[in-house]
Amino acid sequence: MTDEINLTEYEWNLQIRNMTIDDFDALVAMQLKCFPGMKPWGREQIESQLERFPEGQFCVECDGKVAASASCLILEYDPAMEWHNWQAVADNGFIRNHNPRGDTLYGIEIMVDPEYRGMKLSRRLYDARKEICRERNLERIVIAGRIPGYGEHADEMTAREYIDAVADKSLHDSVLTAQLANGFTVQGLIADYFPSDTESRGYATFLEWRNLDYRPAPKRRYNHPTEPVRICAVQYQMRKIDNFEAFAQQVEFFLDTASDYRSDFVLFPELFTTQLLSCVKPQRPGLAARQLSEFTPQYLELFTEMAVKYNVNVIGGSHFVVEDDTLYNISYLFRRDGSIGKQYKIHITPSERKWWGVSPGDKVEVFDTDCGRIAIQVCYDIEFPELTRIATAKGARMVFVPFNTDSRHGYLRIRHCALARCVENHIYVAIAGCTGNLPSVENADIHYAQSGIYTPADIEFARDAVAAECNPNVETVIIHDLDLEQLRRHRESGTVQNWNDRRRDLYTVVYKEDGMSCEI
């Protein structure tokens, strides 16, 4: 008998938080690894930074260990300032020149422990700095950055030629490439920045990021005019594979792509893990579904790591899982902070019941994420309007639907119902399905899909309520920005008010949850 899986064994506890003086020893140890030969900050410098601008000093903590950090201060921009002299600009680390009424955020340093490099932690820290700019209505971020790859090319090109080569991607620099990818532009070249930095030959770049939300004085603004959330829906092609590593390679390709486009969410299809049945000994469907469940630990480890590494929230399609000797179809949410949530499929199709013996779940979950509250409805579940009513009442503004259909008729049921749920509840719905064939896997041998992202049907949205849609039956992705602030305004002042105009004097949705009866 298999007990319910303890997801805490697979979760990563990743969080961005403000630095405290208790982090001092960890910061010094990390600085010695990141900048060997350079004298680390003293305790009095860290204390001064925290006293003057605590909200500008960040750490990324992974499973209780400091994995990265960033420090900064606010200044009034002056073109004549000695931007080339980081010690002067940063007051030698004491930031006593921090000016809360300034217009420019100066980034003193970002450090990523070598053990955690490749996980895009610097992007999280740059995003935290950008958020400070937006909240405080600052005009720009200014940083100076090393070019540690230049030392290998210094004999064949100038520093300026090296920067041009990195900018056009013919060369890669571990620092500058990441800064350019995070929206910074090179404004100048600084010689003798770190004379002892042999890797950079003493050079550094002078970079700037401009805050497009900036509003000049006298009126500063602290609210965003939009709340964009970027969605990537994967239309995944089923094909024969030889092992789990081949499956993982395909998955990582899509996550890498979504990350390159700075997606906030990636949605995979329902039961796309049945592809793994092509690399094991064929069995009748009921046994095959339980055999697929044996891949669950590898599946959970893979997606947890990838969500953190690529800094994206992942709806990992769905997967067959055996709990207490009962087979469920479960969709997992892998958040980019390393935590995990799950939604059991509630409505089981006749085919699932007949071929695989799947049992239903009994609760509509709504998940908190860094982009607001979301819900997951697995395929058939989107065809039951009551579930989306419940999710919306619990605060969900986006519903993600991993689906798996074998015919165009099946797909159209999903599509039409997704569009209806948007209208009824003033929400966004994204759907993602499989294409391709698995000839050796019974009841998962043919697939039809056209993945899409849908909106309410009103003036401010796309004319046909389709934000984006794939071409049918080809392996691809769609990526689209959804504006949550626009959704909020629509709910308050749209042409029709479906949610508010329900005749609750005539009908309600009554459901049971945790032993209690609830009504909406």
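Helices here are DSSP runs of H or I with at least four residues, strands are runs of E with at least two, and both are numbered from the N terminus. This is a predicted model, in which local features need pLDDT of at least 70, side-chain atom pairs count only at pLDDT 80 or more, and totals for chains, interfaces and linings use all residues. Residues are numbered from 1 along each chain as its sequence is written, and side-chain values use heavy atoms, leaving out hydrogens and water.

Have a look at helix α5, residues 159–167. Just after α5, Lys 169 has a positive phi of about 70 degrees. Within the helix, Ala 159, Tyr 162, Ile 163, Ala 165 and Val 166 are buried, meaning under 20% relative accessible area with a 1.4 Å probe, counting protein chains only. Viewed down the axis of α5, these buried residues fall within an arc of 160 degrees (from the directions of the C-beta atoms off the helix axis), so they line one face of the helix. An α-helix has 3.6 residues a turn, so residues three or four places apart point the same way. The buried residues of α5 pack against α6 (176–181), β6 (185–190) and β7 (204–210), where contact means heavy atoms within 4.5 Å.

Now for the whole chain. Its secondary structure comes to 13 helices and 23 strands. Of its 520 residues, 56% are buried. Among contacts between residues at least 6 apart in sequence, 70% join residues at least 24 apart. The C-alpha atoms fill a box of roughly 70 × 55 × 40 Å along the principal axes.

Conventions
Buried means under 20% relative accessible area, exposed over 50%, partly exposed in between (1.4 Å probe, protein chains only).
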